[in-house]
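Dear colleague,

I am passing on the structure below, followed by what was found in it. Please read the notes alongside the sequence.

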Amino acid sequence: MDHFDVVIVGSGHGGAQAAIALRQAGHEDSILMVSRDRNPPYERPPLSKEYLGGEKPFEKILIRPEAFWADRNVTLRLGANANEVDPVKHTIALSDDTMVSYRKLIWAGGGDARRLGCPGAELAGIHTIRTRRDTDALMAELAAGAQRAVVIGAGYIGLEAAAVLRKMDRAVTVVEMQDRVLARVAGPEISEFYAAEHRKHGVDLRLETGVERIEGDGEKVTGVTLSTGETIACEIVIVGIGIVPAVGPLIAAGAAGSNGVDVDTFCRTSLDDIYAIGDCAAHPNPYADNAIIRLESVQNANDMASVAAKAIMGDKQDYDAVPWFWSNQYDLRLQTVGISNGYDQTVLRGDPAERKFSLVYLREGTVIALDCVNNTRDYAQGRKLVMGRAEVDPDLLADTEVPLKEMG
């Protein structure tokens with residue numbers, strides 16, 4: 001059995017940053033990164049944006065050049081899943097029928113794209129966008145001539161994919177069960193703006209609509225039947241309805257958690273010497289009133305990785321990073337700072353008609369988050385308001401003549 005001082009499960013942003021942070025902190029012992037993905041660590045956000053659109057080749061979305069890992073003495077074991085964890089023996093059974101032991105384990109397993117559960121969900125032509133393999137399969141169908149797509153889910157992934165496909169002049173229908181797009185991450189004002197933009201670009205947007213079944217010819221998708229009874233013909237279905245945290249082996253080993261795996265402020269699970277970071281880690285977040293939440297973002301993965309690495313090196317620092325997110329759709333860049341959950345007031349700053357504006361979220365008079373559309377200055381300056389829990393008069397927030405940096 002091979003032994004490593006630190007084993008990292010997962011090669012996304014969190015796993016890669018954990019290895020980088022350990023070496024930067026002076027860790028000199030062995031590090032193993034285990035990943036079911038067969039590619040060296042790469043960025044995930046471009047998969048539904050520049051990579052899907054052919055604007056960036058795979059080499060341009062690598063987190064580090066492939067040689068970087070060997071140069072830092074980080075062993076990569078790709079194409080192997082972590083099937084079982086024994087927290088007493090400190091061992092991990094891998095899908096390649098090998099076993100490794102560890103002193104410390106960092107679980108950065110992320111999540112699996114949530115699948116459809118309706119009839120026809122097994123047909124070819126149904127795609128998710130979570131890995132390079134997913135996106136390559138979708139790109140191959142587009143290259144082969146697929147012209148019509150139904151996108152299920154109007155969150156970031158669904159709308160980003162819809163924007164890319166419209167740039168390719170493909171027919172796109174977006175189906176969303178809720179009454180607005182981006183309902184889980186943004187306020188109604190942002191939702192209305194983005195819905196109008198997608199319709200302006202030719203997207204057929206169906207809100208408050210479910211999927212009854214996927215139609216096919218026995219093998220391949222031919223259409224999607226909606227809850228209204230209408231069938232939309234298509235060759236491609238893209239499913240963007242969230243993820244299922246990939247924490248099965250940890251939960252089976254006794255780790256606490258119901259929505260992912262629970263961690264403390266140092267990213268430690270309830271199991272000795274096991275940390276969890278990124279999309280799968282449910283943590284108390286100071287920017288959400290210390291509610292236990294999961295955050296699916298590059299920021300969260302990277303910052304949790306640094307916290308876990310420091311803790312392993314004996315430098316315990318609470319996780320206290322301000323959340324931020326972004327989404328590129330058409331020529332629009334949406335940048336979000338903070339968490340808007342629980343807001344009781346919004347302030348519109350600027351004019352959406354000019355396609356440059358911000359929406360400020362407040363709770364009991366305190367700025368808790370901003371959504372900034374094509375407005376990087378507000379995003380950068382508003383970050384300080386969120387971090388400082390600033391109380392600002394709404395009329396002042398709405399005055400675009402006054403920079404946000406003067407309001408803290």
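For residues 324–407, UniProt lists "domain: Reductase C-terminal" in an unreviewed entry; such positions are given in the numbering used here, feature names are shortened, and annotations may be inferred rather than shown by experiment. The end C-alpha atoms of this span lie 20 Å apart, and the span is 20% helix and 43% strand, where helices (H or I, at least four residues) and strands (E, at least two) are DSSP runs numbered from the N terminus. This is a predicted model, in which local features need pLDDT of at least 70 and side-chain atom pairs count only at pLDDT 80 or more, while totals for chains, interfaces and linings use all residues. Residues are numbered from 1 along each chain as its sequence is written, and side-chain values use heavy atoms, with hydrogens and water left out.

Ser327 lies in strand S21 (residues 324–329) and counts as buried because its relative accessibility is 0% (buried means under 20% relative accessible area, exposed over 50%, partly exposed in between, with a 1.4 Å probe and protein chains only). Its side chain makes a polar contact with the side chain of Gln329 at 2.9 Å (a pair of N or O atoms within 3.5 Å; within protein, one must be able to donate a hydrogen and the other to accept it, and residues adjacent in sequence count only if both atoms are side-chain atoms). Leaving aside neighbours within four places in sequence, Ser327 is in contact (heavy atoms within 4.5 Å) with Lys49, Tyr156, Glu160, Leu332, Arg333 and Leu334.

His90, with a positive phi of about 60°, lies in the loop between strand S4 (82–86) and strand S5 (91–94), and is buried at a relative accessible area of 15%. Leu182, whose phi is near 50° and thus also positive, sits in the loop between strand S10 (171–175) and helix H5 (188–200), and is buried at 1%.

With kind regards
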